[in-house]
Each structure stands twice: as structure tokens, then as C-alpha cells.
Amino acid sequence: MKVVFAPDSYKGSLSSMEVAETMDKAFQSVNPQVETILKPMADGGEGTLGAFSKAVSHEKVHFSCTGPMGERRDSWYLILDRNRAVIEGAVIAGLPLVAEEKRNPDNTTSYGIGEALKHALDHGCTDILVAIGGSSTNDGGLGMLQALGMKAYRQDGKEADIYGRDVHSIKAIDFSTLDHRLEEVTIRVASDVDNPLTGKNGASYVYGPQKGATEAQVVTYDHALENYGKLVEIACGKSIMEVPGAGAAGGLGFAFLSIGATLQSGAKLVAEAIHLDEDIQQADYVITGEGQSDAQTLFGKAPGYVADLANKYKKPVILISGGLGEEYTQLNTVFTSCFSITPAPTLLEDSLKNAEDYLFQTTVQIARLLSI
């Protein structure tokens, strides 16, 4: 029996690699003869670098950059084949990097992501993949674009600062000072959402609250990004505020579109890079998972993409998640069967603390059934 493990991370508890290793250990404890292939996945957010680093030859590049709160921090990205870079926004300006009690989009910036791009350009990279999910920002990519040379001015003619709060005061944008090397490279952005920049389905309303925005801030940020977005559109000569994905990562998707990047399915990009398609063709079973599964899993999330591949080759595909949310029965349209690892009603804190043990025990039961 050959089993492919291709899970996403259990956010807040286990990385995608840790999930895959735990699943593998469970199967080996039941049947040491089983052949397993570990293919940890990601969909453009946290864990993207980990998925690449486990699957493809690479150089790990360390550099210093601006963190989400303006602090200096050490970070890293990957270079593949000398001129291809993979950058993960979550390790530079991700929400987990900001203490919960300090989360406020007024005080966060995407500046460090622009610094990472410049660092990759300095190293001669001409093909850059950026995973933007999991950000702590709602600045419309203001900080990132400033790091790349864009000028943003306030009403008094002075340059705006780099934080989310500064989006509210911008009156003019100048793209003429952007790093000219951006015109000579290919930038692909891995994302798992299709929200526009503004409106009820936009960056502020949908994702602002989880980044610490109050109800009042959500409204003011939506208005500010509407104004900022129009100024950027004029400066870059493109109509991009309504493009699906523009609202990803607090508007980072929009900022990348303004400099000529393309937005693509993060799960698809990762799966192609780790050659998941080839392994699934040879498998008897495919097992995936994530921290919380519901109907949204079917729209761009890594487990949903894994299921699509498995169905393509008529392979049974099993979902093992930290929890199954509302309308989870919709998942049975693409998954052979779905499981939650929580053994009994419990607090979230307990689930996070014991995720590895719960996952192991649940996977053991599934392995016992498949080994009959």
C-alpha cells in the first residue's frame, strides 16, 4: 500500500511538515510495510517556504528587514536554480509575529516584504514567487511599494510614513521612482483568496477584524483604501482594484498587481513545484488536512486542491482536520471521507496544545481501517 500525505499546517500548533510526519508515524505504527510519501503543502500563506525547502534543491538566504511593527528582524527566503526566489510574507510581516494584545493595522507595515524583493533583485533573481497570505497588515501594500521606491505624499507635500495609519492621509502617488529592475523580472504572487481591494467583500471588511481592526477602523480603512487605490491606479495606468485577489493580505495583492505581478493559486504553485501530481498518480490513498475545514476549503485552500488532484486520478482522498466547521458535509463532494481529530468537546486551547497527540490517535484509527 502506498500513501501520500499532503496536508497544510494546523495553524497555531503544527507546521505542514509536522502534520505529515505525525500522519506517517501513525501509519508506520499500524503497518511498518506501508510505503509513504510526505508532501507537506501550503496555499500561499504560512508554511510555503517550509513546503519548498523540503521538496526542492535550494539556497537559504538570510537577511535583515523591517518587521511588521517597524522593528528590525532577521528573516529568510529561498533561491532556486540561481535566479528564482521564493519569498514568504508571513515570515516577514505575518500576524503571528505581532503579539495578540498589540494587533492594530494602524501600527503594522508591509515594508519588509519590499525589502525582501530588493534583496532578491540584488542577488540577480529574475523570477520571483511571493506567498502573501497570513499578513498582519491592512496598508494596501503601501509599505512594500515605498520600499521599492514609490513615493507617497500627504496634503502638506511631505512624504507619508510606512504604516497602515498613513494610508488615510495620502493625497498623491508617484511611480516614476520605482526600482527600474521590476520591469525586467517576472513576479508571481501565491494567494488563496479572490477578494477585491475595497467594499463589503474587500480587504478591510473581511480580514481587518482578525488583524485587530475595530468596527470603526474597518469603515475608515475601506474609505482610505478606496482613495489610495484610485491614486495608485492613476500612477500605474491600470484598473486593478476589482481584480480578484487584489484584497489579499490587506491589499498586498493590489500592490503587486500595480507593479505587473500576476496572482495565481498558491496551492497550485506549491503542488507544481513539489511534483505532487506525479506522486498522487502512483498512490493508493491520499491524505490531507488543515487546522479547520468548512465549505471554504473548496475555494483555493490546499486540501481542496489536493482533493481535486486525487479525484483527477480517481484516488481515494481523506481529510483529517483539527475541526470540521459549519456545512462541512459539502466537503464530501470532493473528499472520500472527512475526520476531525478532536476526541470530545474541548476548549480551543486544549485542542492546540494536544493537536499532535489527537492527530496521531485519529490517524492510527484510519490506518487500521485501510490496512484490513
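Analyst: Strands of a sheet pair through backbone hydrogen bonds, in either the parallel or the antiparallel sense. Here an open sheet of mixed pairing is formed by 6 strands in the order β3-β4-β5-β6-β9-β10. The model is predicted: local features need pLDDT of at least 70, side-chain atom pairs count only at pLDDT 80 or more, and totals for chains, interfaces and linings use all residues. Residues are numbered from 1 along each chain as its sequence is written, and side-chain values use heavy atoms, leaving out hydrogens and water.

User: Which strands stand at the edges of the sheet?

Analyst: They are β3 (59-66) and β10 (262-265); each has a single partner strand, so one side of each lacks a neighbour in the sheet. From one strand to the next, the twist averages 30°. Helices (H or I, at least four residues) and strands (E, at least two) are DSSP runs numbered from the N terminus, and two strands pair if DSSP finds at least two bridges between them.

User: In which sense do β4 and β5 pair?

Analyst: Strand β4 (residues 72-80) pairs with strand β5 (residues 84-88) in the antiparallel sense, over 3 bridges. Within this pair, I79 stands opposite A85 in β5.

User: Which helices lie across these strands?

Analyst: Helix α2 (residues 48-55) lies across β4, β5 and β6 (127-131), at about 40° to β4. Helix α4 (residues 111-122) lies across β3, β4, β5 and β6, at about 135° to β3. Axes are lines fitted to C-alpha atoms, for helices over the stretch in contact (heavy atoms within 4.5 Å); angles run from 0 to 180 degrees between N-to-C directions.

User: Where does D179 lie, and is D179 buried or exposed?

Analyst: Buried means under 20% relative accessible area, exposed over 50%, and partly exposed in between (1.4 Å probe, protein chains only). D179 is in the loop between β8 (170-174) and β9 (186-191). Its relative accessibility is 13%, and therefore D179 counts as buried. Not counting residues up to four places away in sequence, D179 touches K118, L121 and L148.

User: How many disulfides are found?

Analyst: A disulfide is a pair of cysteine sulfur atoms within 2.5 Å. Searching the whole structure gives 0 disulfides. For C125, the nearest cysteine sulfur, that of C65, is 16 Å away. C125 counts as buried because its relative accessibility is 2%.
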